[in-house]
Each structure stands twice: as structure tokens, then as C-alpha cells.
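Subject: Handover of a structure and the findings on it

Dear colleague,

Please find below the structure that I am handing over to you. My notes on it follow directly after.

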Amino acid sequence: MSLEKFSKSDVEIICPCCKESIYIELDVDLEEVGSDEREMGTETQYEFLTSVECYLCENIIEIKGEVWEYPENVLNDFEIIEVSSKCNKQ
Ligand SMILES: [Zn+2]
């Protein structure tokens, strides 16, 4: 495993509580979930799970995402796959 951390600023998500677009900063630990041999070497897939507070409605939002490394040591793509919240602040 060569990537352990992933950081990205100005990531846009939709808050599931107030339904507004917000921009967050990701700084997460990655967990390797799979790999595949391809033409230019190994492609490795990682997952992360983090939470942020919505600066508009103050609810805690859980964010799950995926990061792909391909070829080795090159961050190829990332995607937010799940955004959820209990929305217990109104
Ligand atoms: Zn919100």
C-alpha cells in the first residue's frame, strides 16, 4: 500500500439536511480495498470514511468515498459515493 492519506480542498457536496451545496476540505486516511494488474502496473482502490459539520445547518455529515491509484503513486480518480446524516439539528 503506497497511499495512506488523501487531501483535497473545495470538494462540493450536497448537505442531506439543508439540501444546499457546501464546499468541504477532505483530509482522510485511506484503507486499501482492492487491486488489479493492468497495462501500466497495479491499480489500487481505497476507501475512506469521514465526517464534517455542515457550516450552514450544523449537522454532522458522514462521507464515504473511493480513491484510485494508477499507475503506482499516481492518484488517478476519486469519488464521493455516499453522503448521509441523521439531521438531528433543525
Ligand atoms: Zn446543511
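Two strands are said to pair if DSSP finds at least two bridges between them. Helices (H or I, at least four residues) and strands (E, at least two) are DSSP runs, numbered from the N terminus. Please note that this is a predicted model, in which local features need pLDDT of at least 70 and side-chain atom pairs count only at pLDDT 80 or more, while totals for chains, interfaces and linings use all residues. Residues are numbered from 1 along each chain as its sequence is written.

Overall architecture

The protein contains six strands and zero helices, and its pattern along the sequence reads β-β-β-β-β-β. Taken along the principal axes, the box filled by the C-alpha atoms is roughly 50 × 20 × 15 Å. Of the 90 residues, 14% count as buried; a residue is buried if 20 or more other C-beta atoms lie within 10 Å of its own, exposed if 12 or fewer, and partly exposed in between, with C-beta atoms placed from the backbone. Two residues are in contact if their C-beta atoms, again placed from the backbone, lie within 7 Å. Among the contacts between residues at least 6 apart in sequence, 46% join residues at least 24 apart.

Strand β1 covers residues 5-14 and strand β2 covers residues 21-29. The two run antiparallel and are joined by eight bridges. Within this pairing, F6 of the protein stands opposite V28 in β2. Six residues lie between the strands of the hairpin, and K19 takes a positive phi near 65 degrees there. Strand β1 lies largely in the open, because the number of buried residues among its ten is zero.

Strands of a sheet pair through backbone hydrogen bonds, either parallel or antiparallel. Here, an open sheet of four strands has the order β3-β4-β5-β6, with antiparallel pairing. Its edge strands are β3 and β6 (75-85), each of which pairs on one side only. From one strand to the next the twist averages 20 degrees, where axes are lines fitted to C-alpha atoms (for helices over the stretch in contact) and angles run from 0 to 180 degrees between N-to-C directions.

Strand β3 (residues 31-38) and β4 run antiparallel, with seven bridges between them. A hairpin of two residues connects these strands. R38 has G41 as its bridge partner in β4, and S35 stands opposite T44 in β4. Ten bridges join β4 to strand β5 (residues 60-69), again an antiparallel pair. The bridge partner of S51 in β5 is E62. The hairpin formed by β4 and β5 has six residues between the strands, and E58 in the turn has a positive phi of about 70 degrees.

What surrounds E43? This residue belongs to strand β4 (residues 41-53) and touches S35, D36, R38, W68, E69 and Y70, not counting residues up to four places away in sequence. E43 has 18 other C-beta atoms within 10 Å, so it is partly exposed. E43 and S84 are separated by 41 residues in sequence and by 28 Å in space, C-alpha to C-alpha.

The nonpolar core

A nonpolar core is a set of buried Ala, Val, Leu, Ile, Met, Phe, Trp, Tyr and Cys residues joined through C-beta atoms within 7 Å. The largest one has five residues, namely C15, C17, C54, I61 and I63. Leaving aside its neighbours within four places in sequence, C54 is in contact with C15, C17, C18, I22, N59 and I61.

Backbone geometry to note

Most residues other than glycine have a negative phi, and most peptide bonds are trans. In the loop between β5 and β6, which holds P71, the peptide bond from Y70 to P71 is cis, with omega near -15 degrees. N73 lies in the loop between β5 and β6 and has a positive phi of about 70 degrees although it is not a glycine. N73 is exposed, because it has 10 other C-beta atoms within 10 Å. In the segment after β6 is C87, a residue other than glycine whose phi is positive, near 50 degrees. With 15 other C-beta atoms within 10 Å, C87 is partly exposed.

With kind regards
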